[in-house]
Amino acid sequence: MIEAKRAKLTKGRLFILCFTAFVEYCCIGILLTVIPFYIAKTAPSLNAAVLSIGLVQSSFGISQVATASFVGALSDRFGRRNTLMTTLISTSILVYLLSFTHQLYWILILRLLTGTCQHSLVIVTAYVSSLSETKDIPANLSKISASNGIGFIAGASLVGLISHHGLAACIQIAAALTLINSIVVFLRLPIEKVQGEYHTSFSNSADILSLFTSKLKGIKDIFKLDRQKLLYYSFVLQSVAGFTSFSIWAIYFKIKFSWTAQQAGASLFVFGVTLLISQIFLPPILLRKISIYQLTLLSLTSSAIISFLFGVASDPVYIYFLIIINIFGCLSDSMIRSMICSQFSAEIQGAVMGKIGSLYALGPCLAPLIGSAITLPYSTSTNDSTLSLIPFAGISLMYALALVAIISYKKNSQTKLAFMMGKN
């Protein structure tokens, strides 16, 4: 049900939450850039390195899928600020320990444990959605998404500046930034004042165990309403499609256009700038004229078309052009999140965002496997131009299926929900 009233989210608090998301994704950008090379140093051969990198990346995603709902529920029970601080401090410690690890099995264990803690986005989005006016949720979540994109670009760029000091130094800087993030949260974010059982504590350890076992069923429970399934399927499909695109980006264009790492990085920088402009400026403007539902249709349609055109592009210049004109395609994630969270009360936004986080984590969990499967035929026969269409055609198909799911969801709706509000 849609809550009639929500507390107004002040600009100062929203700025701190955007800053938290920025720093968190700056650290993620550092780690995702450094860890593959860090793992490769421990592997005896190139094939072993490729296998190890895929295993570690998937394990991180799997642990996030398993624990996002639990962490989200904890933020409902103990408060967003306290839970956010705990996850940040835990992540900082685990990342710092990673910098001293030189055995593959310890890297795998530490990444698994980090995946159980690194849920800042779940808590931040729950904080924003629970304290925002219903009409402001899409724009506010878009600002969080923009902060994520800027942070990721900054993290990847920072690696280029500090990597000459060693990979371990890069990882330690990521740990230090995460710790600083927790201090900022402690000093600048107030404890939320929400009535009800929002801040009640568990009476004993059995209560915690009961909460954990119940929230492990979060992905299943979120599909309980048949009419809702299509909405969540669409969310998962667009997540998997987006992460698959990132997973094959460098290797695909290296094969097709002989791109270097610098050229691949430059294209991702252009994408980041496009994401920033899209998330900050477009939602407030477009949502005055069209509904969230219509904007989601526009975003998924754009992503499906542009993804296919990536595969047929015959000149590297076209890639940059396609990235820029796909400015609407960057909005689907925050718009679908808004459609989901607007249907629930503020007091349970942590559990809702936790379940959404579990679904979203299926992207980084499945994308490396799907990306390898759809790129392998082209990589083994680069002279066949037809095979070059397969990778991005597959991604385009996933976006198209997400679009169909959203359209079918509206047709199956029995009541007018928040995302059908029309002009906001």
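1. A residue counts as buried when its relative accessible area is under 20%. C341 has a relative accessible area of 0%, so C341 is buried. The same cut-off is behind every use of the word "buried" in the points below. Please keep in mind as you read that this is a predicted model.

2. Let me start with the overall picture. The protein chain has 17 helices and 0 strands. Of its 424 residues, 52% are buried. The accessible surface of the protein chain comes to about 19000 Å², and carbon and sulfur atoms account for 68% of that area. As for contacts between residues at least 6 apart in sequence, 85% of them join residues at least 24 apart.

3. How many aromatic pairs does a search of the whole structure find? The count is 10. One of these pairs is Y252 with F392, whose ring centres are 5.0 Å apart. Their planes meet at 80°, and an angle over 60 degrees is what edge-to-face requires, so this pair is edge-to-face. The two partners come from distant parts of the chain, 140 residues apart: Y252 is in helix α10 (residues 226–257) and F392 is in helix α17 (residues 390–412). Y252 has a relative accessibility of 0% and so counts as buried. F392 is buried as well, because its relative accessible area is 0%.

4. F392 has another ring partner, F253. This aromatic pair is tilted, with 5.8 Å from centre to centre and 35° between the planes. Since F253 lies in helix α10 and F392 in helix α17, the pair ties together parts that are 139 residues apart in sequence. F253 is itself buried, because its relative accessible area is 0%. If you colour the rings in your viewer, include the whole cluster: ring pairs link Y252, F253, F257, F310, Y378 and F392.

5. R111 lies over the face of F60, 4.4 Å from the ring centre. The charged end of R337 is placed over the ring of Y360, at 4.8 Å from its centre.

6. What about the cysteines? A disulfide is a covalent bond between the sulfur atoms of two cysteines. To be counted here, the two sulfur atoms have to lie within 2.5 Å. By this rule there are 0 disulfides. C26, for one, is in no disulfide, and its nearest cysteine sulfur, that of C27, is 5.7 Å away. C26 has a relative accessible area of 8% and is therefore buried.

7. Which residues of α3 are buried? They are R80, R81, T83, L84, M85, T87, L88, T91, S92, L94, V95 and L98.

8. Leaving aside residues up to four places away in sequence, F100 touches Y38 and Q172. F100 and Q172 are 72 residues apart in sequence, while their C-alpha atoms are 9.3 Å apart in space.

9. A156 belongs to helix α6 (residues 137–162). Is A156 buried, partly exposed or exposed? Its relative accessibility is 33%, so A156 counts as partly exposed. Beyond residues up to four places away in sequence, A156 touches G29, I30 and T33. A156 is 112 residues from L268 in sequence, and the two are 9.9 Å apart, C-alpha to C-alpha.

10. W249 and L268 are 19 residues apart in sequence and 9.0 Å apart in space, C-alpha to C-alpha. W249 is buried, because its relative accessible area is 6%.

Note on methods. Residues numbered from 1 in each chain as written. Predicted model: local features only at pLDDT ≥ 70, side-chain atom pairs only at ≥ 80, totals over all residues. Heavy atoms only, no water. Helix = DSSP H or I, 4+ residues; strand = E, 2+ residues; numbered from the N terminus. Buried < 20%, exposed > 50% of the residue type's maximum accessible area, 1.4 Å probe, protein only. Contact = heavy atoms within 4.5 Å. Phe/Tyr/Trp six-rings, centres within 6.5 Å; stacked < 30°, edge-to-face > 60°. Lys NZ or Arg CZ within 6 Å of the ring centre and 35° of its normal. Areas by Shrake-Rupley, 256 points an atom, 1.4 Å probe, with all protein chains shown as cover.
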